[in-house]
Amino acid sequence: MQAAIIGYGYWGINIAKSLLTSNYFTIKTIFDTDTQRVIEAQKTYCFELYADFDSILKDKTIEAIFIITPPHTHYKLASQSLKAKKHVFVEKPLSTNIQEAYALYDLAQKVQRTLHCDHTFLYSPALKWLKQHIATFGDIVYINSRRINLGLFQSSVDVIWDLAIHDLSIIDYLIGLDIKKSKTFSKKYRNYPNDALANINLELHNGVIITINVSWLSPIKVREMIIGGEKKTAIYDDTKRDKITLFDTGVIIKDEFDKNSLYQKMIAYKLGQQEIPILENFMALDSSIATFYETISDKTSHQTQKEHVLRVIQALEIISKS
């Protein structure tokens with residue numbers, strides 16, 4: 001299937017690399033309003049040049065559009081692409097408000113085309129393992145997450161929409177995201193218009209307590225999530241080679257043990273019996289792109305992804321207002 005990549009920035013470069021080796025898509029063109037970015041792409045890829053975005057939409061040989069542009073442009077570009085009867089792959093977030101997201105899915109259904117939002121982490125080997133095994137953790141008590149780094153500051157969204165969206169999509173995928181209470185502290189940096197750091201506290205209707213720390217101001221890059229269950233706890237760290245460390249120890253309630261049993265439990269807890277699960281070896285972005293193609297071929301999985309994306313955007317709006 002011939003595809004057009006719209007936007008050749010940081011993530012557009014990764015999309016192009018994945019499409020080059022894809023069994024499903026061929027790069028017909030790479031387009032960016034910054035002509036220097038197109039010139040840079042030509043050093044690596046051979047593709048046709050188009051005068052503008054409208055020319056790409058008019059080319060009936062192009063069946064899929066990959067929109068890898070700033071978030072505030074997603075709705076307009078995706079809407080135009082769907083109206084031109086193209087299948088559409090959009091970098092997260094799908095849009096910057098829930099009304100636009102609903103409108104895009106309604107339009108996709110009307111024109112009978114696939115709309116796929118790339119929440120990349122959900123397609124990683126680590127998340128696949130966690131999804132398959134989280135039932136063994138017992139009831140989930142809490143999830144603590146840190147997603148911090150130094151810049152890049154985003155001009156069209158704040159740090160919550162840029163970074164916390166990943167944690168929210170992971171949480172929804174694993175345990176659901178039905179928010180009961182939300183409390184958020186956020187702060188701008190100097191005169192920059194968007195919040196650069198935030199601490200998010202959530203209570204879900206299922207009783208799970210969520211804390212998420214996001215920042216563009218950290219001197220180090222951290223991508224850590226602790227998932228605490230009554231039987232097991234996992235640390236998921238995307239920056240490490242071994243991305244999941246599993247602790248076969250859950251919550252200890254003192255009153256349920258005599259002193260000797262409690263002592264043995266505390267020793268076991270301190271020793272922290274650890275396991276490093278062996279994960280499959282594949283690239284999350286490649287899997288996301290493959291899922292996009294499979295959804296084009298078989299619409300059955302489309303509704304599930306739609307509901308997930310809408311829940312995440314709704315959660316972002318709730319958090320932003322709190």
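Buried residues are those with under 20% relative accessible area; by this criterion F292, at 0%, is buried in the predicted model.

**View 1. Stacked rings of F25 and F292.** The ring centres of F25 and F292 lie 5.6 Å apart, and because their planes meet at 15°, the pair is stacked. This pair joins distant parts of the chain, 267 residues apart. F25 belongs to the loop between α1 (10–20) and β2 (26–31), whereas F292 is part of helix α9 (residues 284–297). F25 is buried, with a relative accessible area of 3%, and F292 is buried at 0%. Both residues belong to a cluster linked by ring pairs, which also takes in Y24, F66, F89 and Y293.

**View 2. Tilted rings of Y10 and W11.** The structure holds 8 aromatic pairs, one of them formed by Y10 and W11. Their ring centres are 6.1 Å apart and their planes make an angle of 40°, a tilted arrangement. Y10 is exposed, with a relative accessible area of 63%.

**View 3. Charged side chains over aromatic rings: K131 with Y173, and R147 with F121.** The charged end of K131 is placed over the ring of Y173, 5.0 Å from the ring centre. R147 lies over the face of F121, at 4.8 Å from the centre of the ring.

**View 4. The largest nonpolar core and residue L168.** This core comprises 72 residues. The members that touch the most others are I65, L94, L130, F137, L168, I227 and Y236. Helix α7 (residues 159–175) supplies the largest share of the core, 10 residues. Leaving aside residues up to four places away in sequence, L168 touches L177, L202, I212, V312, A315, L316 and I319. A second, separate core has 22 residues, among them A3, I15, L19 and I296.

**View 5. Strand β1 and its parallel partners, β2 and β3.** Strand β1 (residues 2–6) is mostly covered, with 4 of its 5 residues buried. Strands β1 and β2 pair in the parallel sense over 5 bridges, and A4 stands opposite T29 in β2. Between these strands the chain passes through α1, and this β-α-β crossover is right-handed. Strand β1 also runs parallel to strand β3 (residues 64–67), to which 4 bridges join it. Here I6 has I67 in β3 as its bridge partner.

Note on methods
Residues are numbered from 1 along each chain as its sequence is written. This is a predicted model: local features need pLDDT of at least 70, side-chain atom pairs count only at pLDDT 80 or more; totals for chains, interfaces and linings use all residues. Side-chain values use heavy atoms; hydrogens and water are left out. Rings of Phe, Tyr and Trp (its six-membered ring) pair if their centres lie within 6.5 Å; planes under 30 degrees apart count as stacked, over 60 as edge-to-face and the rest as tilted. Buried means under 20% relative accessible area, exposed over 50%, partly exposed in between (1.4 Å probe, protein chains only). Helices (H or I, at least four residues) and strands (E, at least two) are DSSP runs, numbered from the N terminus. A charge sits over a ring if NZ of Lys or CZ of Arg is within 6 Å of the ring centre and within 35 degrees of the ring normal. A nonpolar core is a set of buried Ala, Val, Leu, Ile, Met, Phe, Trp, Tyr and Cys residues joined through side-chain atoms within 4.5 Å. Contact means heavy atoms within 4.5 Å. Two strands pair if DSSP finds at least two bridges between them. A crossover is right-handed if, with the strands pointing away from the viewer, the path from the first strand over the helix to the second runs clockwise.
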